[in-house]
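Me: I would like to learn how to read the packing of helices and strands in a model. Can we work through one together?

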Amino acid sequence: MRKEIIEILTRNHSLMTYVIANILNTDYKIKYDCTKVRNELKKMKKDGLVENINSIYKTQLKWKLVPNSNTK
């Protein structure tokens, strides 16, 4: 799932967790709920691949790739 998330964020710059989960479900035919996607994103954040950015919504997490991270 990590590779697919990197591809999605590369194409879309920044997205909220539920949007990433929806893209995985529709485009990649990978059935993950938002909790599993959020947990993977948190692991990726710990590894320095993604970061949270400000969102207009109070409870939604928005993610983007960290510039100059080793995402290949």
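Reply: Start with contact: heavy atoms within 4.5 Å. This is a predicted model. By that cut-off, Glu-4, Ile-5, Ile-8, Leu-9, Arg-11 and Asn-12 in H1 meet Ile-20, Ile-23 and Leu-24 in H2. The residues of this contact divide into 6 nonpolar, 1 polar and 2 charged.

Me: At what angle do the axes of H1 and H2 cross?

Reply: First the general idea. Two packed helices are described by the angle between their axes and the distance between the axes. Here, the axes of helix H1 (residues 2–12) and H2 come within 11 Å. They cross at roughly 115°. That makes H1 roughly perpendicular to H2. The crossing of H1 and H2 is right-handed.

Me: Which residues in H2 and H3 meet?

Reply: From H2 come Thr-17, Tyr-18, Ile-20, Ala-21 and Leu-24. From H3 come Cys-34, Val-37, Arg-38 and Leu-41. By class, this contact has 7 nonpolar, 1 polar and 1 charged residues. Now the geometry. Helix H2 spans residues 17–26 and helix H3 residues 34–46. Their axes come within 9 Å and cross at roughly 110°. H2 and H3 are therefore roughly perpendicular to each other. Their crossing is right-handed.

Me: Which residues of H1 are buried?

Reply: An α-helix has 3.6 residues a turn, so residues three or four places apart point the same way. In H1, the buried residues are Glu-4, Ile-5, Ile-6, Ile-8 and Leu-9. They pack against S1, H2, H3, S2 and S3. Just after H1, His-13 takes a positive phi of about 70°.

Me: On to the sheet. What is the order of its strands?

Reply: The order is S1-S3-S2, in an open sheet of 3 strands with antiparallel pairing. Strands S1 (14–16) and S2 (50–53) stand at the edges. Each has a single partner strand, so one side of each is left without a neighbour in the sheet. Neighbouring strands are turned by 35° against each other on average, direction ignored.

Me: How many bridges join S2 to S3?

Reply: There are 4, and the two strands run antiparallel. Asn-52 stands opposite Trp-63 in S3. S1 and S3 also pair in the antiparallel sense, over 3 bridges. Met-16 has Lys-62 in S3 as its bridge partner. H2 packs on the sheet, touching S1 and S3. The direction of H2 makes about 95° with that of S1.

Me: How should I read a single strand residue? Is Lys-64 buried or exposed?

Reply: Begin with the strand. In a regular strand the side chains alternate between the two faces of the sheet. Lys-64 is found in strand S3 (residues 62–65). Buried means under 20% relative accessible area. Lys-64 has 19%, so this residue counts as buried.

Me: Which residues is Lys-64 in contact with, leaving aside its neighbours within four places in sequence?

Reply: They are Leu-9, His-13, Ser-14, Leu-49, Val-50, Glu-51 and Ile-53. Ser-14 also stands opposite Lys-64 in the sheet pairing. Lys-64 and Leu-15 are 49 residues apart in sequence. In space, they are 6.8 Å apart, C-alpha to C-alpha.

Conventions. Residues are numbered from 1 along each chain as its sequence is written. This is a predicted model: local features need pLDDT of at least 70, side-chain atom pairs count only at pLDDT 80 or more; totals for chains, interfaces and linings use all residues. Side-chain values use heavy atoms; hydrogens and water are left out. Axes are lines fitted to C-alpha atoms, for helices over the stretch in contact, and angles run from 0 to 180 degrees between N-to-C directions. Angles under 35 degrees count as roughly parallel, over 145 as roughly antiparallel, 65 to 115 as roughly perpendicular and the rest as oblique. A crossing is left-handed if the near helix is turned anticlockwise from the far one by less than a right angle, and right-handed if clockwise. Ala, Val, Leu, Ile, Met, Phe, Trp, Tyr, Cys and Pro count as nonpolar, Asp, Glu, Lys and Arg as charged, and the others, Gly among them, as polar. Buried means under 20% relative accessible area, exposed over 50%, partly exposed in between (1.4 Å probe, protein chains only). Two strands pair if DSSP finds at least two bridges between them.
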